[in-house]
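Please keep the sequence and the model in view while reading.

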Amino acid sequence: MSIKKIVDPRKRRHRSIRKRLSGTTLRPRLVVFRSAKHIYCQVIDYTANVVLAAASDLVGKGGTAVEGDKCNRAKEVGKVVAARCLEKGIKQVVFDRAGYLYHGRVSKVAEGAREGGLDF
């Protein structure tokens, strides 16, 4: 008797999304990962296989964690990743929601990144 592996629906949606978009040098991919407590963002260039910028709501280089509820922290993470992208001359990105609904914290990251100056 064989045992079927149950694929997480979010992982299945993420694979489907990744078929349609990828990060390039001109427009790297801004991917969001959302756990129960925290949120993480990375800007990835797949032609060079490098992470160009990253941010999370955990303690960063500044030494302090982002304060507030989870939605406010997500918006601040979006602003931080946008600032780090602009430092490196990146103005346009492709937003990858990683299979999550564009709702709540994921939409707040996008809103914060747009306020920070990124275009997607």
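## Basis of the description

This is a predicted model, in which local features need pLDDT of at least 70 and side-chain atom pairs count only at pLDDT 80 or more, whereas totals for chains, interfaces and linings use all residues. Residues are numbered from 1 along each chain as its sequence is written, and side-chain values use heavy atoms, with hydrogens and water left out.

## Overall fold

The protein has three helices and four strands, where helices (H or I, at least four residues) and strands (E, at least two) are DSSP runs numbered from the N terminus. Read from the N terminus on, these elements follow the order α-β-β-β-α-β-α. The radius of gyration, taken over C-alpha atoms, is 15 Å and thus close to the 14 Å that the globule rule gives for 120 residues, so the protein is as compact as a globular protein of that length; the globule rule is 2.2 Å times the number of residues to the power 0.38.

Taken along the principal axes, the C-alpha atoms fill a box of roughly 55 × 35 × 25 Å. Of the 120 residues, 35% count as buried, a term that means under 20% relative accessible area, with exposed meaning over 50% and partly exposed lying in between (1.4 Å probe, protein chains only). Among contacts (heavy atoms within 4.5 Å) between residues at least 6 apart in sequence, 59% join residues at least 24 apart.

Helix H1, residues 9-20, has twelve residues and reaches 18 Å from its first C-alpha to its last, close to the 16 Å expected at 1.5 Å a residue; the expected span is 1.5 Å times one less than the number of residues. Arg10, His14 and Ile17 are buried in H1. They lie on the same side of H1, because they cover an arc of only 65 degrees around the axis, the arc being that of the directions from the helix axis to the C-beta atoms. Strand E1 (29-34) and strand E4 (94-96) are among the elements that cover these buried residues.

Helix H2 has 18 residues, and its reach of 26 Å from first C-alpha to last is close to the 26 Å expected. Its buried residues are Arg73, Ala74, Lys75, Val77, Gly78, Val81, Ala82 and Cys85, and they pack against E1, E2, E3 and H3.

## The nonpolar core

A nonpolar core is a set of buried Ala, Val, Leu, Ile, Met, Phe, Trp, Tyr and Cys residues joined through side-chain atoms within 4.5 Å. The largest one here has 24 residues, and those with the most contacts inside it are Leu30, Val32, Cys41, Val43, Val81, Phe95 and Val109. At least two residues of this core come from each of E1, strand E2 (39-45), strand E3 (50-56), helix H2 (70-87) and helix H3 (105-116), and H2 gives the most, with five residues.

Leu30 is found in strand E1 and is buried, at 0% relative accessibility. Leaving aside neighbours within four places in sequence, Leu30 is in contact with residues including Cys41, Val43, Val81, Phe95, Ala113 and Phe120. Its C-alpha is separated by 9.7 Å from that of Gln92, 62 residues apart along the chain. With the same exclusion of sequence neighbours, Val109 is in contact with Val32, Ile39, Cys41, Ala74, Gly78 and Phe95.

## Cysteines

With a disulfide taken as a pair of cysteine sulfur atoms within 2.5 Å, the count comes to zero disulfides. Cys71 is in no disulfide, the nearest cysteine sulfur, that of Cys41, being 13 Å away, and Cys71 counts as partly exposed at 29% relative accessibility. Cys85, in contrast, is buried, with a relative accessible area of 0%. The sulfur of Cys85 is 9.5 Å from the closest cysteine sulfur, in Cys41, and is therefore too far for a bond.

## Positive phi angles

Most residues other than glycine have a negative phi. Asn49, which is not a glycine, has a positive phi of about 55 degrees; Asn49 lies in the loop between E2 and E3 and is exposed, at 63% relative accessibility.

Ala98, also not a glycine, has a positive phi of about 60 degrees. Ala98 is placed in the loop between E4 and H3, where it counts as buried, at 2% relative accessibility. Gly89, which follows H2, has a positive phi near 85 degrees.
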